[in-house]
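Me: Could you take me on a close look at how the helices in this model pack, and at what surrounds a few of the buried spots? I'd like the cut-offs spelled out as you go.

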Amino acid sequence: MTALPGETPGTVGTDTPQDTVSPPEAGAEGPEHAEAPDASDASHAPDVSDAPDPSDAPDAPDASEGGESSGTPADEDDDAGGDAEDAGAEAAADAAPAEAAPAAELSEAQAELAAQRELRERIEKRKAEKAAPIAAGTGLSGTAADLLAAVRAVESGEKAGTAFFDRPAATPASRRPAAAAAQPPRTPAPEAVPTARTATPEVLDAVRAVLTEGGAPEALARPAVGALGEQAAELLRSDPWQLLSVPGVRPEQADGFARALLGADCGPDDGRRTAALVGWLLERAALQGHTALDAEAVRTALAERAVGDPDAAVRDAVEEGVALVFQEGDEPSADDAGAADGEAEDADVAREPVQVLLGLDRYALAEESLADGLARLVNACEKAADWAEAAAAAPGPSAAELIRTTAAAGLVAHSGGEAARAEPAALIAAARGLGLRALGATHSEDGRRRLAAATGDPDTAVTLSGLLSGAQGPGRDEDGALALDLLVVLDAPQLDVEGAAVLVEALADGARLVLSGDPGVLGSAGAGRVFADVLASHACPQVVSRTPDPGPIGELVSGIGIGELNQVDAPGKEVVIVPVRDAGEAVHRTVQLVADSVPRAFGIPAEETQVITVGHGGAAGTRALNEALKQRLNPGPGRFGGFDPGDRVVHVPAPGRAVPGVVLSADAEGLRLDCGGVPVVVPQERVESSVRHGWALSAHQAAGMRWPAAVVVLPGDAAQGLSRPWVYTAFGRGERHLSVVHGVDQALPHAVAQVPAQERTTRLRPLLEALPTPDAAS
């Protein structure tokens, strides 16, 4: 076996760092889940590690890291299916309680969901306006509308042409009031997790009766009401394939349910079935990070599921509003054809093929809203700000460049590694020194603490969820916009399209936005690739940090980022490779490292060492590792829903958010946690679906956080879940020490060199490229 960085040959039998996951399960990590079988068919999707991490959902098997990642809705979706869809269930369960919660005390999760509902209401309004007939010129606004009105007035003789010369320009209205209008910062209150939607016994009984009649488990009654509402019983009886809206239900199960209810009236080409399948395929794709799918891929998947006329099925789904259709690229025009005819007969005219995409309206319209909002920020800010003195005082050349660039642009993309996070911190400090309302927002509480330490001011750093909920930050102005002049979003690759749309909508005209992050890490758990699309579109100035990550770990991770797994000098044993033969030995050595070797050799206690593995299931997945680590580090009967005081856990308050914490106690209100100093109470009915042990995490869950020491576990059967972004993310989580429990042999250098990030199908990049952005980089 090729020696890896820090490896000491012939030390398999020792138990110190100096000498020293099973095949990921299918399903995408979502907060709520139904156990799906282990991904025995995970080989269908070699690039799965880059899909959104299902593990953001506690018990959901890790589809993104192990099962499906291909991005095509093929049969492997069934193997990974149940748990991936359950992310939607959690969202549905969270949304209703948010509506019923008292307005006085909104939790972060409730406020996030409320903001998303508000955005979707605006999107639906825009959609309705677009669908209405539009008179010529009524789609114009601003200067264009004024010019059209002027032309029509002159043509009709109503006014003379000279009436429009030397007309003073109107001052554009700004959404941003004076700083004094800002609300004072709100003191964060203990977070109360929303409870599940309460359904009346009559509604549940009616749904159970329909499920029983169709041969479906009665346990699906509550999830069905959560997905379909109080009319679930009537909807399921009239359209049994609505059962596919319930997380964890697969097409063959919905088909059996429909046959039991409809009998001879049930067929594979039933319009209700085909429409439900199209929606299900697009939902599945969204769980893998796609905001749209190629129409041909959808037709292929429908044919594989016994649909006789996939073309007609897609047309019907579009007509019924199940999906929206988009065309990327230009069709040949008559002029183009004539020009081509004039060419030499043997000359081939290269044309970009027209791609037809299908997407769910909420993602498609969120991308449009986000693109419009980013263009607004680009065009509305002051371009002549003089920050030269602040740039001259910057701690380094990259920080100075970032300050100068931000002074002249409303939107800036900043990229770099862990050490480069000091540059946004310097920007925030400089902007506040100029009297601006500047703030940094991070993906996690750990990131917030690190940013606050870098700026030297705890008031300069918030979590993104805390900012949007109002629990952290300056609050809102009288127009409802965030009372900020400059917002720097760190961990930008973790932004999904819906969250980004909510954020940008909350920024006032004239505010500046800096998106900062490491392009090499795994992408967001939700749909979209916002940061990557902004970089690829060149819609704004870009600053690439020249600050390298220090030390052996930084050198190792930097090499991985360019596809090279290099040996590095680690005189202080900062990087150690622990070879193992099988998954059982991997678990044993991991427990030794966390409980004994790392604390003894480096003085890092077990609670500051994070274990990271490829998937949740299998003999060395997060479940098996957490069980072994609990037995060694905090044994107990698990009397609080499987948890004991002192257990390390990860809490998932909303899809895509994994919050590490420690169990404090439990009472009639629920399980009490300490999540980075924030007290959290998880209701009893939510514990099973939103809390899991957290000594071991997936790489997606660990993104945006760092620990003094990290132990990355790579058993032999985890090879198919590896990719360059996965290795880059996992290996970069340790600050002082990295141990790699290595059993994948040559699969590791192969993944680093030849398995890049999985591509996600999105529409944001072409939307940004089509917008008028005077600051766009060439």
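**Helix packing and buried spots**

Reply: Happy to. Let's start with helix α14 (residues 397–407) and helix α15 (residues 422–433), which pack at an angle of about 50° with their axes 9 Å apart. That angle makes α14 oblique to α15, and their crossing is right-handed. On the α14 side the contact is made by S398, A399, L402, I403 and T406, and on the α15 side by E423, P424, A426, L427 and A430. By class, this contact of α14 with α15 holds seven nonpolar, two polar and one charged residue.

A word on what you are looking at: this is a predicted model, where local features need pLDDT of at least 70 and side-chain atom pairs count only at pLDDT 80 or more, while totals for chains, interfaces and linings use all residues. Residues are numbered from 1 along each chain as its sequence is written, and side-chain values use heavy atoms, with hydrogens and water left out.

Now the terms. Helices (H or I, at least four residues) and strands (E, at least two) are DSSP runs numbered from the N terminus. Axes are lines fitted to C-alpha atoms, for helices over the stretch in contact, and angles between N-to-C directions run from 0 to 180 degrees. Angles under 35 degrees count as roughly parallel, over 145 as roughly antiparallel, 65 to 115 as roughly perpendicular, and the rest as oblique. A crossing is right-handed if the near helix is turned clockwise from the far one by less than a right angle, and left-handed if anticlockwise. Contact means heavy atoms within 4.5 Å. Ala, Val, Leu, Ile, Met, Phe, Trp, Tyr, Cys and Pro count as nonpolar, Asp, Glu, Lys and Arg as charged, and the others, Gly among them, as polar.

Another pair to look at is helix α21 (residues 583–602) with helix α22 (residues 622–633), packed at an angle of about 40° with axes 10 Å apart. Here too the angle makes α21 oblique to α22, and α21 passes α22 in a right-handed crossing. V587, T590, V591, V594, A595 and D596 of α21 meet L625, A628, L629, R632 and L633 of α22.

For burial, buried means under 20% relative accessible area, exposed over 50%, and partly exposed in between (1.4 Å probe, protein chains only). Helix α19 (residues 530–537) is mostly covered, with six of its eight residues buried: V530, F531, D533, V534, L535 and S537. These pack against α12 (361–380), β5 (411–415), α18 (497–505), β9 (512–517), β10 (542–544) and α27 (764–770). Just after α19, H538 takes a positive phi of about 55°.

In helix α26 (residues 747–754), A747, L748, A751 and V752 are buried. They cover an arc of only 135° around the axis, so they lie on the same side of α26; the arc is that of the directions from the helix axis to the C-beta atoms. Their cover includes α20 (551–561), β19 (707–714), α25 (724–731) and β20 (734–742).

Last, a loop residue: T460 sits between α16 (445–455) and β7 (461–463), and at 3% relative accessibility it counts as buried. Leaving aside neighbours within four places in sequence, T460 touches I428, R432, L439, G440, L451 and T455.
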